[in-house]
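Thanks for coming. I will go through one model today, moving from the loops to the strands, then the helices and the pocket.

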Amino acid sequence: MRYRALKSLPAAILTASLTFLTGNNGARAAEPLDQLYKAAQDAGETSLTIYNPSATSNKMLFDAFKARFPKIRFSAVDLIGPALIARLDAEFASSGPQASVVMNSEPDQLVLANKGYLAAYKPEGAAALPAQYVGKDEMWVDYGLTIGGMYYNTNKVSAADAPQSYAELVTDKWKGRLATGTLRSASGTSQAFTALIRDGIIDQEWIKGLAQSGIFISPTVSAAVQAVASGQSDVGIDIPIYFFENARQQGAPIAFVFPKEGVTSIALGIAKFKDASNQASADLFLAWMFSAEAQSILAEMGLQGTMPDAPKSPKIPQGREISFHPIDWKTLEKEYPKQLEIYQAEFKN
């Protein structure tokens with residue numbers, strides 16, 4: 001029973017997880033999780049509800065938790081963005097949160113923290129988490145990073161001819177051949193580009209050049225992928241690799257590019273709701289998310305764990321060192337609003 005959740009993982013991931021659970025000296029490094037599990041049972045807690053963007057996308061992760069801690073009835077409700085905020089506004093105005101934990105990207109976590117809906121908390125086992133992955137006033141912590149890059153239509157562009165850097169995109173070669181999700185409103189792409197500007201990868205002249213390139217701006221990433229897959233555009237300039245994999249498996253003739261300057265990334269955070277029930281079970285789930293088991297599963301899912309010793313996602317080519325440029329709450333608060341106005345002005349047509 002103890003390692004049942006690990007059996008479905010690839011051999012390399014399984015080995016890493018078992019190493020964590022036994023420890024170099026033979027001591028059980030998983031003991032704190034066992035203690036938290038016992039605390040939840042002693043408190044009479046038998047269930048845990050979380051709000052998250054997609055239970056389907058997180059199925060591998062959630063199934064492993066349920067198998068590892070079978071006495072907790074686990075349920076995940078899909079909520080994100082305005083729908084999540086509206087739901088919580090209503091809950092906090094009445095009887096309080098109906099879930100104990102929320103998993104979401106930094107923008108939503110920042111809104112929830114500013115509304116006073118989150119409880120400050122640092123999970124057991126996350127002491128080594130780099131400070132950049134700790135949210136505002138420790139109201140949430142980031143457990144993983146998306147891995148985003150460019151992609152191209154393999155029927156129209158050869159691997160040798162495909163762009164390999166952001167700098168290449170604003171040359172005459174790609175005029176009228178590009179597509180992306182919206183830059184005219186808050187989106188993962190507009191946030192990702194803001195992080196690239198912060199890190200000096202692109203600048204405002206690059207944004208201006210992109211706007212003048214005849215780029216196809218779609219309302220969603222899905223529509224941009226469809227434009228590239230259908231041949232309407234040749235190259236898409238920002239897609240999370242797990243989203244890309246889903247499209248490719250459905251037959252889209254596309255290939256992924258890891259830009260030489262590094263990948264775009266959205267930090268994914270986890271938090272406890274203020275005054276929520278089942279606090280001990282929530283503590284357990286948060287702690288487990290920073291265990292080697294969970295961080296290894298994230299890698300297999302096409303995400304990058306945030307713990308210092310988290311394994312590199314197998315989606316990243318072997319021998320390739322990748323720089324990450326994640327958006328963070330400080331950039332969202334201080335730089336993003338003004339930058340979004342620039343995008344809206346440049347991409348108004």
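Asp 137 counts as exposed, because its relative accessibility is 58% and the cut-off for exposed is over 50%. Bear in mind that this is a predicted model. Asp 137 sits in the loop between strand E4, residues 118-119, and strand E5, residues 141-145. Its phi is near 55°, a positive value in a residue other than glycine. Glu 138 lies in the loop between E4 and E5 as well, and the phi of Glu 138 is also near 55°, again positive in a non-glycine residue. Glu 138 has a relative accessible area of 40%, so it is classed as partly exposed.

Asp 203 is in the loop between helix H7 and helix H8, the latter covering 204-211. With a relative accessible area of 42%, Asp 203 is partly exposed. Ten residues separate Asp 203 from Phe 193 in sequence, and their C-alpha atoms are 9.3 Å apart in space. Gln 212 belongs to the loop between H8 and strand E8, residues 216-217. Gln 212 is exposed, at a relative accessible area of 56%.

E1 covers residues 47-52, and five of its six residues are buried. Which strand does E1 join through six bridges? That is E2, residues 73-78, and E1 and E2 run parallel. Within that pairing, Leu 48 stands opposite Phe 74 of E2. Between E1 and E2 the chain passes through helix H3, residues 59-68, and the β-α-β crossover is right-handed. E1 also pairs with E3, residues 101-105, in the parallel sense, over two bridges. There the bridge partner of Tyr 51 is Val 102 in E3.

Ser 281 lies in H11, which spans residues 279-289. Ser 281 has 0% relative accessibility, so it counts as buried. What is Ser 281 in contact with, leaving aside its neighbours within four places in sequence? The contacts are Ala 40, Glu 45, Ser 47, Leu 48 and Ile 72.

E6 is joined to E9 by four bridges, and the two run antiparallel. In that pair, Gly 149 stands opposite Ile 239 of E9. Four bridges also join E6 to E10, residues 254-257, and this pair is antiparallel too. Asn 153 has Ile 254 in E10 as its bridge partner.

Next, two helices. H5 runs over residues 106-114, and because seven of its nine residues are buried, the helix is largely enclosed by the rest of the structure. Among the buried residues of H5 are Glu 106, Asp 108 and Gln 109, along with Leu 110 and Leu 112. Just after H5, Gly 116 has a positive phi of about 80°. H12 is mostly covered, with nine of its ten residues buried. The buried set in H12 includes Glu 293, Gln 295 and Ser 296, as well as Ile 297 and Met 301. Just after H12 comes Gly 302, with a positive phi of about 95°.

The largest pocket has a volume of about 1,500 Å³. Its lining holds 50 residues, and those nearest the centre are Ile 80, Thr 146, Pro 240, Tyr 242 and Phe 243. The elements giving two or more residues to that lining include E3, H5, E9, H10 and H12. Also on that list are H7, H9 and E11, at 188-198, 221-230 and 263-273. Which element gives the largest share of the lining? H10 does, with seven residues. By type, the lining of the largest pocket divides into 23 nonpolar, 22 polar and five charged residues.

To tie the parts together: E3, which pairs with E1, and E9, which pairs with E6, both contribute to the lining of the largest pocket. That is all I have; comments are welcome.

Conventions: Residues are numbered from 1 along each chain as its sequence is written. This is a predicted model: local features need pLDDT of at least 70, side-chain atom pairs count only at pLDDT 80 or more; totals for chains, interfaces and linings use all residues. Side-chain values use heavy atoms; hydrogens and water are left out. Buried means under 20% relative accessible area, exposed over 50%, partly exposed in between (1.4 Å probe, protein chains only). Two strands pair if DSSP finds at least two bridges between them. A crossover is right-handed if, with the strands pointing away from the viewer, the path from the first strand over the helix to the second runs clockwise. On a 1 Å grid over the protein atoms alone, a cavity is a set of points where a 1.4 Å probe fits but cannot get out, and a pocket is an open set with protein on both sides within 12 Å along at least five of seven lines; lining residues have an atom within 4 Å of a point. Grid points are joined across faces, edges and corners, and a volume is the space filled by probe spheres set on the points. Ala, Val, Leu, Ile, Met, Phe, Trp, Tyr, Cys and Pro count as nonpolar, Asp, Glu, Lys and Arg as charged, and the others, Gly among them, as polar. Contact means heavy atoms within 4.5 Å.
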